[in-house]
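Here is a short tour for anyone meeting this structure for the first time. Have a look at the sequence and the model, then read on.

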Amino acid sequence: MPLYEYYCDDCTGIFEAIRPMREASLAVPCPECDRDGERIMSSFTAFTFRDGYPRRIPDKGTFWHMGKEVKKRATRMKGWEHPELAQPKPKPRPTKGESQVQRDRRLAALRDARYRDGWGIDKDGFPTIKTTVKGKERQVLPAG
């Protein structure tokens, strides 16, 4: 049987009574002054368990994980962390030494590329297009 709240006008008191649903709207005698008290509308929060997760009533179709609302039920979790609530881990910043090494590597690659370009050789050791001359052939002079 549900619990209902009632209000007594004479002693201005609010009291509760457990009654069947069909008798909910009928007046109930006040426990203080024995006069009839009228039912008042009270609000409440309730939840139920569905699919192993608590859900509030009325149900919005969402799930609750450790007091926070989530859209989907968790199928795989790492520890107690829900995938929707997990904050992405920040990308680690390179240390001062690592950034110096990266800069030195870029400069060495740039110097090497300039050197090879001057000699007309690509990074694999093959001649580049600059070193091959097309269309110009040697002229052979007649003997004499």
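Predicted model: local features only at pLDDT ≥ 70, side-chain atom pairs only at ≥ 80, totals over all residues.

## Starting with an arginine

Where does R19 lie? You'll find R19 in the loop that links strand 2 (13-18) to strand 3. Is R19 buried or exposed? R19 counts as buried because its relative accessibility is 12%, and the cut-off for buried is under 20%. Setting aside neighbours within four places in sequence, R19 has contacts with M1, P2, Y4, Y6, L26, A27 and V28.

Four of them make an open sheet in the order 2-1-4-3, and the pairing is antiparallel. Strand 2 and strand 3 are the edges, each pairing on one side only.

Strand 1 (residues 3-8) and strand 4 (residues 36-40) run antiparallel and are joined by three bridges. If you want a spot to look at there, Y7 stands opposite E38 in strand 4. As a general point, side chains in a regular strand alternate between the two faces of the sheet.

On to strand 3 (residues 28-29), which pairs with strand 4 over two bridges, again in the antiparallel sense. Here V28, one of the residues in contact with R19, stands opposite G37 in strand 4. How many residues separate strand 3 and strand 4 in their hairpin? There are six residues between them, and D34 in the turn has a positive phi of about 60°.

## A pair of rings

How many aromatic pairs does a search of the whole structure find? It turns up one. The partners are Y6 and F15, with 5.9 Å from centre to centre and 20° between the planes, and the pair is stacked.

Both partners are tucked away from the surface by the accessibility test. Y6 counts as buried because its relative accessibility is 0%, and F15 counts as buried at 10%. Y6 is also among the residues that R19 contacts.

## The helix

After helix 1 comes G120, which has a positive phi, near 75°.

How values were computed:
Residues numbered from 1 in each chain as written. Heavy atoms only, no water. Pairing = 2+ DSSP bridges. Helix = DSSP H or I, 4+ residues; strand = E, 2+ residues; numbered from the N terminus. Phe/Tyr/Trp six-rings, centres within 6.5 Å; stacked < 30°, edge-to-face > 60°. Buried < 20%, exposed > 50% of the residue type's maximum accessible area, 1.4 Å probe, protein only. Contact = heavy atoms within 4.5 Å.
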